[in-house]
Amino acid sequence: MAADEVDVIVEQWRRERAGMRLEPMAVFGRIYRLARLVGDRQEKVYAGWGIGRGEFDVLAALRRAGPPYTLAPKALTAALMLTSGGMTGRLDRLERAGLVRRAPDPADRRALRVSLTDAGRRVVEESAEAGLEVQRRILDTLPPADRDRLADLLRALLAAAEAPDEASAGAPDGAQ
C-alpha cells in the first residue's frame, strides 16, 4: 500500500527522535484525518437540506428518541456533549427554519421540551440516508470481513478511551 501523509509525519518524527514509540500517532493520526475528511463530505451533503453537521446531530437525536420525537434541552445537551449556550444557538437556528418547536413541558411549565416538526422529521430522515451513503461509499472499499473487524477494533479503542483517564499521569503539572 502506498505511503500517506501520516507515514511522512511518523517518519519525520522517527528521524528526529529515534526510539520514540510512534504507533499511536500512526493510528490516531489516521482516525483523526478520516473523521475530518468524511465529516467534511457529510457537511456538504447536509447543506443540501440547509443544515450543518451540528444541526443534523440535534435533529438526529430527536428522531432517534422515537415518537413523539421530543426531548428536554438538557437531555439534548448531554447527548451531544454541548454547553447549554451551544445548544441554544442550534435550537434557535432549527426553530427559525421550522425544523423544531420549543414548548413548555406539560409536566413542568418552567421547563421546555424540543420536538421535531414534520418538516424536521423529513429533513433528518432524508439527510441521514444521504450522509450514510457518503460513509457507505468509503467503507465499501473494504471487504465485509475487514469492515466488521475494523468496527470491533474501533469499539475496543473507544472503550479504552472512555475508561478513566490515566494519560495525564505523565504530563507536567497542569498540562493535558
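## Strand pairing

T70 has S115 in strand 3 as its bridge partner. That pair belongs to the link between strand 1 (residues 70-71) and strand 3 (residues 108-116), an antiparallel pairing held by two bridges. Bear in mind that this is a predicted model.

Strand 3 also pairs with strand 2 (residues 100-105), again antiparallel, this time over six bridges. Here V100 sits opposite L116 of strand 3. Strands 2 and 3 make a hairpin, with two residues between them.

## Helix 1 against helix 2

On the helix 1 side, the contact uses E5, V6, D7, I9, V10 and W13; helix 2 answers with M25, A26, G29, R30 and R33. Sorted by type, the residues of this contact come out as six nonpolar, four charged and one polar.

## The whole chain

Zooming out, the protein has seven helices and three strands. Reading from the N terminus, the order is α-α-α-β-α-α-β-β-α-α.

As for overall dimensions, the radius of gyration is 21 Å, whereas a compact globule of 176 residues would come in near 16 Å. The C-alpha atoms fill a box of roughly 65 × 45 × 25 Å along the principal axes. Buried residues account for 23% of the 176. Of the contacts with a separation of 6 or more, 47% are between residues 24 or more positions apart.

Technical notes. Residues are numbered from 1 along each chain as its sequence is written. This is a predicted model: local features need pLDDT of at least 70, side-chain atom pairs count only at pLDDT 80 or more; totals for chains, interfaces and linings use all residues. Side-chain values use heavy atoms; hydrogens and water are left out. Two strands pair if DSSP finds at least two bridges between them. Helices (H or I, at least four residues) and strands (E, at least two) are DSSP runs, numbered from the N terminus. Contact means heavy atoms within 4.5 Å. Ala, Val, Leu, Ile, Met, Phe, Trp, Tyr, Cys and Pro count as nonpolar, Asp, Glu, Lys and Arg as charged, and the others, Gly among them, as polar. The radius of gyration is taken over C-alpha atoms; the globule rule is 2.2 Å times the number of residues to the power 0.38. Buried means under 20% relative accessible area, exposed over 50%, partly exposed in between (1.4 Å probe, protein chains only).
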